[in-house]
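Welcome! Take a moment to look over the structure below, and then we can walk through a few of its spots together.

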Amino acid sequence: MCSSDLGTTATAPKLTNPRLYPYFTRLSPSSTGIVSAMEASILHYYGEMGKGWNEIAVISTLFEVTTDSALYFVNSLHEDLSVLTFQQYLVAQETDMSVELQEIKNSGARVIVAFVLDLITLLERAEGYELVDEGHVWVVSDAPVVVPFAQPSDLARGVIGATVDIRSDITEI
């Protein structure tokens with residue numbers, strides 16, 4: 001017996017594979033579109049600002065969707081951009097991220113691309129490594145943008161978020 005599945009917020013790229021999921025329909029786009037928007041933003045600022053925007057650190061939680069998105073970003077990166085370091089960590093409030101954050105600091109990257117589930121925790125810890133300041137930009141995927149900061153925070157300075165634009169004022173076709 002076959003049944004169809006409707007995903008309201010499922011963004012995993014593998015769900016697009018019709019051989020694996022022939023009856024799956026999504027209401028939100030695949031995360032590959034968001035990843036492409038993140039890359040396009042970096043390329044835009046690289047074109048405007050120059051060196052520094054082309055050397056990137058990538059950090060991801062070890063979670064299927066975030067890992068898939070991070071790998072898609074790294075593997076499809078524009079030739080003008082380079083990844084200096086790619087770090088991953090387990091999803092848990094008590095996770096020690098010191099090794100990963102020190103590697104990012106040591107890389108010298110000023111642009112940090114994050115595919116994470118809990119951006120606030122990551123930024124709180126990254127601030128201790130002087131990675132949240134006027135000299136760094138965090139480009140983040142849609143997961144942390146959908147759940148924004150509860151109130152204004154200095155941690156949000158330098159954060160560029162990509163999210164799906166779902167408008168209610170679009171004319172029906």
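## A loop residue: Asn54

Asn54 lies in the loop between α1 (31–49) and β3 (55–61). Keep in mind as you look around that this is a predicted model. Is Asn54 buried or exposed? Its relative accessibility is 13%, so Asn54 counts as buried, since buried means under 20%.

The side chain of Asn54 comes to 3.2 Å from the backbone nitrogen of Gly52. Leaving aside residues up to four places away in sequence, Asn54 touches Tyr46, Asp80, Leu81 and Ser82.

## The nonpolar cores

How many residues does the largest nonpolar core have? The number is 19, and the residues with the most contacts inside this core are Ile59, Leu101, Ile112, Ala114, Leu122, Leu131 and Trp138. Two or more residues each come from β3, α3 (98–107), β5 (111–115), α4 (119–127) and β6 (137–140). The most come from α4, which gives 4 residues.

Not counting residues up to four places away in sequence, Leu101 touches Ile59, Leu122, Arg125, Ala126, Tyr129 and Leu131.

## After β7: Ala162

Finally, find Ala162 in the segment after β7 (159–161). Ala162 counts as buried because its relative accessibility is 11%, and the cut-off for buried is under 20%. Ala162 and Val139 are 23 residues apart along the chain, and 7.8 Å separates their C-alpha atoms.

Terms used:
Residues are numbered from 1 along each chain as its sequence is written. This is a predicted model: local features need pLDDT of at least 70, side-chain atom pairs count only at pLDDT 80 or more; totals for chains, interfaces and linings use all residues. Side-chain values use heavy atoms; hydrogens and water are left out. Buried means under 20% relative accessible area, exposed over 50%, partly exposed in between (1.4 Å probe, protein chains only). A polar contact is a pair of N or O atoms within 3.5 Å; within protein, one must be able to donate a hydrogen and the other to accept it, and residues adjacent in sequence count only if both atoms are side-chain atoms. Contact means heavy atoms within 4.5 Å. A nonpolar core is a set of buried Ala, Val, Leu, Ile, Met, Phe, Trp, Tyr and Cys residues joined through side-chain atoms within 4.5 Å.
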